[in-house]
Amino acid sequence: MAQKNLLLGDEALALGALHAGLSGVYAYPGTPSTEITEYIQIHPLTAARKVHCDWSSNEKTAMEAALGMSYAGKRALVCFKHVGLNVCADPFMGSAMTGANGGLIIASCDDPSMHSSQNEQDSRFYGAFAMMPVFEPSNQQETYQMARDAFDYSEKRGIPVLMRLTTRMAHSRAVVENGEDIREQNTLHYPEKPRQWVTLPVNARVRNRELIRDYALFEEDAVTSPYNFLTEGKDNSLGIIACGIAYNYLMENYPEGCPYPVLKVSQYPFPRELARQLAAKTRRILVMEEGQPLVEERLNGVFSSGIQILGRLDGTLPRDGELNPDAVRKALGLPALPQYPSSEVIAPRPPALCQGCGHRDFYTALNNVLKDYKGARVFGDIGCYTLGWMPPFNSLNTCVEMGASLTMAQGAAYSGTWPAVAVIGDSTFTHSGMTGLLDAVNGKADVTLCISDNLTTGMTGGQDSAGTGRIEAICEGLGVEKEHIRTIVPLPKNYPDMEKVIREELEYHGVSVIVCRRECIQTLRRHAAKK
């Protein structure tokens with residue numbers, strides 16, 4: 001019996017994957033993608049079918065494990081935020097060369113306007129780079145259906161499918177109706193072309209030619225896809241190309257129907273033939289796409305001369321930040337809608353560490369010690385503790401990407417910086433910090449690594465952390481001298497002992513590790529409530 005559910009876009013993707021016969025989801029938490037895996041973890045079908053749903057140590061391991069499940073003939077889903085695609089770029093690009101056996105969807109959730117990210121990276125470029133099909137839904141109902149169809153398409157063409165959501169699609173809710181067709185999981189079966197899965201050059205050259213050939217088929221499929229279509233309009237003075245959620249924004253401004261011809265694009269490679277059909281109707285085309293101007297930049301080689309292309313590049317739409325209905329409305333020349341005045345009661349508040357958070361006490365102790373070291377530099381990392389850069393602590397000097405704290409501290413130390421301190425969280429340490437620590441040990445770097453261990457992946461909601469209970473053992477196994485692996489409990493009453501340990505390890509000219517361990521205040525409250 002068909003059911004209706006009020007779902008986030010993330011949840012719609014998750015439900016579509018489960019109903020398509022999913023056997024495993026592999027992910028590392030990161031906003032705005034986290035809810036995909038969390039929804040699968042709590043869904044009754046997951047337990048009933050024993051769907052794999054544990055968190056991975058990082059995006060690279062997630063991608064590789066999912067590729068292994070695809071090799072075995074089962075359907076697998078990989079989930080992460082857009083910068084996580086950078087972490088797994090090696091296996092991602094390699095998966096285009098191996099192809100897929102069981103259906104494989106790679107869900108990358110982009111974050112335009114950088115609500116919780118360090119850039120506005122557009123994952124569609126990765127799809128084109130790898131010559132991989134990209135699906136980009138325009139609403140939650142389409143997200144559900146597209147997840148199911150993407151698994152079918154992956155198996156039909158023997159290729160992974162990159163599925164791109166953006167923040168508003170991932171984190172807004174709508175009613176999603178699902179049918180009665182809930183498929184069984186695939187049976188175990190291995191690839192018919194086993195050589196294709198061994199990317200030695202002798203095999204990869206053959207596969208590369210096949211992929212180039214297949215990419216032309218992917219574009220043909222995009223032209224006939226039900227997710228891409230051209231609609232007529234009464235007014236041909238303007239044509240519109242609306243990609244993904246931009247189509248939703250367009251139709252929100254024209255509830256009675258758009259007066260202009262519209263090409264909706266939700267499946268890539270970009271359907272050039274449909275674009276040419278649109279160009280035959282008009283001499284001005286407005287391109288609406290969430291993220292970077294991928295389609296807009298590539299239209300120059302599609303149309304004959306004389307077609308005016310409008311969009312982000314010429315300023316008709318904003319060059320950065322999220323697309324939204326108001327920006328679309330302005331680009332279309334429609335009058336602005338009434339705006340509510342700003343509240344005089346509610347003032348904007350910058351993000352801050354929670355009251356009672358152990359990171360606060362750690363930064364207080366660290367700052368107290370570093371007052372005596374004029375040349376000190378503190379290299380930060382990605383996590384809740386990144387907020388230590390902000391007042392009142394102002395403790396961090398850098399933050400680039402996950403795992404960079406320790407390796408940047410090494411580079412600075414080799415250049416003469418002292419003391420060079422790295423601050424990293426427990427989850428980020430097992431995500432991408434362990435190899436940096438091995439480099440530091442092998443290079444005998446004069447660095448002090450502070451692992452702020454709150455026993456969870458706190459920034460994304462308190463998911464399990466891969467290294468919980470094993471941090472000290474990992475550091476010792478990587479070669480750090482046992483006497484220079486110190487553990488402190490960040491509490492105000494412990495400041496004297498904390499400062500003593502920090503000072504002693506700064507004065508040690510070698511690799512030292514200080515584990516600052518106290519459970520996240522948020523997960524502590526949840527655990528107490530359960531008890």
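Helices (H or I, at least four residues) and strands (E, at least two) are runs assigned by DSSP and numbered from the N terminus. The model shown is predicted, so local features need pLDDT of at least 70 and side-chain atom pairs count only at pLDDT 80 or more, while totals for chains, interfaces and linings use all residues. Residues are numbered from 1 along each chain as its sequence is written, and side-chain values use heavy atoms, with hydrogens and water left out.

**View 1. The second largest pocket and the elements that line it.** A pocket is an open set of points on a 1 Å grid over the protein atoms alone, with protein on both sides within 12 Å along at least five of seven lines, and its lining residues have an atom within 4 Å of a point. The volume of the second largest pocket is about 460 Å³, where a volume means the space filled by probe spheres set on grid points that are joined across faces, edges and corners. Of the 22 residues in the lining of this pocket, Trp55, Thr456, Gly462, Gln463 and Asp464 lie nearest its centre. Helices H2 (34-42), H17 (426-443) and H20 (521-530) each give at least two residues to the lining, and H20 supplies the largest share, with four residues. Sorted by class, the lining holds four nonpolar, 12 polar and six charged residues; here Ala, Val, Leu, Ile, Met, Phe, Trp, Tyr, Cys and Pro count as nonpolar, Asp, Glu, Lys and Arg as charged, and the others, Gly among them, as polar.

**View 2. The largest cavity and its lining.** A cavity is a set of grid points where a 1.4 Å probe fits but cannot get out. The structure holds one cavity of 30 Å³ or more, and the largest cavity contains about 40 Å³ of space. Among the residues that line the cavity are Cys357, Gly358, His359, Asp453 and Arg518, and both helix H15 (358-370) and strand E16 (447-453) provide at least two lining residues. By class, this lining is made of five nonpolar, four polar and three charged residues.

**View 3. A salt bridge between arginine 49 and glutamate 184.** A salt bridge is counted when a side-chain nitrogen of Lys or Arg lies within 4 Å of a carboxyl oxygen of Asp or Glu, and the count by this rule comes to 30. In the pair shown here, the side chains of arginine 49 and glutamate 184 meet at 3.7 Å, N to O. Arginine 49 lies in helix H3 (residues 44-49) and glutamate 184 in the loop between E7 and H10, so the pair ties together parts that are 135 residues apart in sequence. With a relative accessibility of 17%, arginine 49 counts as buried, whereas glutamate 184, at 61%, counts as exposed; buried means under 20% relative accessible area, exposed over 50%, and partly exposed in between, for a 1.4 Å probe and protein chains only.

**View 4. A salt bridge between arginine 148 and aspartate 181.** The N to O distance in this pair is 3.1 Å. Arginine 148 belongs to helix H8 (residues 140-157) and aspartate 181 to the loop between E7 and H10, so parts that are 33 residues apart in sequence are tied together. Arginine 148 is buried, at 6% relative accessible area, and aspartate 181 is partly exposed, at 42%. Both residues also belong to a network of salt bridges that links Arg75, Arg148, Asp152, Glu155, Asp181 and Arg183.

**View 5. A salt bridge between aspartate 372 and arginine 503.** The closest N and O atoms of this pair are 3.2 Å apart. Aspartate 372 sits in the loop between H15 and strand E14 (377-379) and arginine 503 in helix H19 (residues 495-507), so the pair connects parts that are 131 residues apart in sequence. Aspartate 372 is exposed, with a relative accessible area of 52%, and arginine 503 is partly exposed, with 32%.
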